[in-house]
Amino acid sequence: QDVINSEGAWFGAKYSFSTNWQASTTSVEAYWQQRPSQLKNTVKRKKNKLLKNDCRIEIHETLTPELLEHYWQVYNQSWKQPEADQYFINWLARYSASAGLLRLGMVYFKDKPIASQLWLVQHQSAAIYKLAQDQAFDTLSPGTVLMAEIADYVISQDKVQKIDFLTGNDAYKALWMDEKTPIYGMELFHLQHWSGRFLYWRFQFKKTVKCCLASVRSLLKNAFEYKN
């Protein structure tokens, strides 16, 4: 709900920001009992296919310049949008490795890196931060197999009780997670300052236009359905 404080100095507008997916578990067996048969069968089939194609899976808690280079090789061949700057990811990977938080998963095809995943582990929780897969190897689904391997690893070795997909409502996350939580944001407008009032008026105008367009689309849809 939109809110305004009692003095009328601030206006707050809540908006839908993203979605968080999580899974809670006590063991590897318990985690996989909650996964759909479709996912379990896919992981088993794709893992067998990977191993038959001279692939190997690695999970690292330490970081080397070579591993970081391999991570970016995969990233640059994936569906991901290019990062504005690699500095933050490089810093995070190095810092988390030095603090014992890093779990960097890699899949190699004949020594060529084809999938990478950067997870962070702390206080019995694992956060899935970055996923990437070389699009030339999509038919092998190395990312799916790698996710299953890292999940098993953090649950069994790190005694993780919660896996967190952070933000994003991608359809595939429902296969891996159990709990879906909406994430909301809040915009605050300072109504006693001219710039705040301007932004508030712009916000209200955009909101009105959006509502009008939704009403028009609904009327056109109903008219079309009635006509047919």
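**Gln22 and its surroundings**

Mentor: Leaving aside neighbours within four places in sequence, Gln22 is in contact (heavy atoms within 4.5 Å) with Lys162, Ile163, Asp164, Met177, Asp178 and Glu179. A caution: this is a predicted model, where local features need pLDDT of at least 70, side-chain atom pairs count only at pLDDT 80 or more, and totals for chains, interfaces and linings use all residues. Residues are numbered from 1 along each chain as its sequence is written, and side-chain values use heavy atoms, with hydrogens and water left out.

Trainee: Where is the place of Gln22?

Mentor: Gln22 sits in strand β2, residues 10-24. Strands here are DSSP runs of E, at least two residues, and helices are runs of H or I, at least four, both numbered from the N terminus.

Trainee: Does Gln22 count as buried or exposed?

Mentor: Buried, because its relative accessibility is 15%. Buried means under 20% relative accessible area, exposed over 50%, and partly exposed in between, using a 1.4 Å probe and protein chains only.

Trainee: Which side chain does Gln22 join in a polar contact?

Mentor: That of Asn20, at 3.0 Å. A polar contact is a pair of N or O atoms within 3.5 Å; within protein, one must be able to donate a hydrogen and the other to accept it, and residues adjacent in sequence count only if both atoms are side-chain atoms.

Trainee: New topic. At what angle do α2 and α5 pack?

Mentor: About 110°, with the axes of α2 (residues 37-52) and α5 (residues 142-156) 9 Å apart. So α2 is roughly perpendicular to α5. Angles of 65 to 115 degrees count as roughly perpendicular, under 35 as roughly parallel, over 145 as roughly antiparallel, and the rest as oblique. Axes are lines fitted to C-alpha atoms, for helices over the stretch in contact, and angles run from 0 to 180 degrees between N-to-C directions.

Trainee: Which residues make the contact?

Mentor: From α2, they include Leu39, Val43 and Leu50; from α5, Pro142, Val145 and Ala148 are among them.

Trainee: And how do α3 and α4 cross?

Mentor: At roughly 140°, with the axes of α3 (residues 65-76) and α4 (residues 87-98) coming within 12 Å. They are therefore oblique to each other. Leu68, Tyr71 and Trp72 of α3 meet Ile89, Asn90, Ala93 and Arg94 of α4.

Trainee: What about Asp85, where is that?

Mentor: In the loop between α3 and α4. Asp85 counts as exposed because its relative accessibility is 51%. A polar atom of the Asp85 side chain lies 2.7 Å from the backbone nitrogen of Tyr87.
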